[in-house]
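Visitor: Hi there, I'd like to talk through a structure with you. Could you put it up on the screen?

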Amino acid sequence: MQGMCGVATSEVCNIMSSPFCFYPSVAFGLNLPPVVFVLQALQQEGGGGFESMQQWPLANAALCFVNIATAAIISNKVQVEKGSDIEQDGTVYQADFTNTRNNSAARINEILCHDPIVAVYILIGCAYIFWQFEGLSRNDHECDNSSFVSNSLICDFIFIALGGSAFCCSAMCLWRRR
């Protein structure tokens, strides 16, 4: 357990100390509260009172977790340190950052356009947006836990609005720094 916590702590420190930290911070900060709201609601008497919502909050929590995990994965892939091995077109070479701005732009382009994980995430992101509108239409303000659902929806829609902007700002910070 100690080793696993050390690895997780090290990775979080790497992500948060980089010029690309804005995007994962926004993803984590706006997707963690809906997960917590679902856990709080489910701990209440009667199983959370989500009968009218069916499984929306649980699926939303899973989608929020995917957003957090993917932000960490993208952040780790974008941040290639000098001397690290980079694989491009089947060839492995060491990052030398002789032309760092081009390298940063090339890594971001490679990740956004050619990475299969990001391709799947884009599809999941489309489903996530649809799922928020589904939750909005199902939200029953007479439900005991309507505030949990409403607060989740607020965080989710703010993430939809700010997530892309945060990614672009992080990419620009990375490009300008290197």
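**Rings, helices and a buried asparagine**

Guide: Let me begin with Phe157, which is partly exposed, with a relative accessible area of 26%. By that I mean that buried is under 20% relative accessible area, exposed is over 50%, and partly exposed is in between (1.4 Å probe, protein chains only). This is a predicted model, where local features need pLDDT of at least 70 and side-chain atom pairs count only at pLDDT 80 or more, while totals for chains, interfaces and linings use all residues. Residues are numbered from 1 along each chain as its sequence is written, and side-chain values use heavy atoms, with hydrogens and water left out.

Visitor: Thanks! What does the secondary structure come to?

Guide: The protein has six helices and two strands, and from the N terminus the order is α-α-α-β-β-α-α-α. Helices (H or I, at least four residues) and strands (E, at least two) are DSSP runs, numbered from the N terminus.

Visitor: How many aromatic pairs are there in the whole structure?

Guide: A search finds four. One of them is Phe37 with Phe148, a tilted pair at 6.4 Å centre to centre with 35° between the planes. Rings of Phe, Tyr and Trp (its six-membered ring) pair if their centres lie within 6.5 Å; planes under 30 degrees apart count as stacked, over 60 as edge-to-face and the rest as tilted.

Visitor: Which parts does the pair of Phe37 and Phe148 tie together?

Guide: Phe37 is in helix 2 (residues 22-43) and Phe148 in helix 6 (residues 146-177), so the pair links parts 111 residues apart in sequence. Phe37 counts as buried at 17% relative accessibility, and Phe148 is buried too, at 14%.

Visitor: And what about the rings of Phe133 and Phe157?

Guide: Their centres are 5.2 Å apart and their planes are at 70°, so that pair is edge-to-face. Phe133 lies in helix 5 (residues 116-138) and Phe157 in helix 6, so parts 24 residues apart in sequence are tied together. Phe133 is partly exposed, with a relative accessible area of 49%.

Visitor: Changing topic: how do the axes of helix 2 and helix 3 cross?

Guide: They come within 9 Å and cross at roughly 155°; the axes are lines fitted to C-alpha atoms, for helices over the stretch in contact, and angles run from 0 to 180 degrees between N-to-C directions. The two helices are therefore roughly antiparallel. For such angles, under 35 degrees counts as roughly parallel, over 145 as roughly antiparallel, 65 to 115 as roughly perpendicular and the rest as oblique.

Visitor: Which residues make the contact?

Guide: Among them are Pro34, Val35 and Val38 of helix 2, and Asn60, Ala61 and Cys64 of helix 3. Contact means heavy atoms within 4.5 Å.

Visitor: Is Asn60 buried or exposed?

Guide: Asn60 is buried, at 0% relative accessibility. It is found in helix 3 (residues 56-78).

Visitor: What is Asn60 in contact with, leaving aside neighbours within four places in sequence?

Guide: Pro34, Tyr128, Trp131, Gln132, Ser152 and Asp156.

Visitor: Where is Ser152, and what does Ser152 touch?

Guide: Ser152 is in helix 6 and is buried, with a relative accessible area of 2%. Not counting residues up to four places away in sequence, Ser152 touches Pro34, Phe37 and Asn60.
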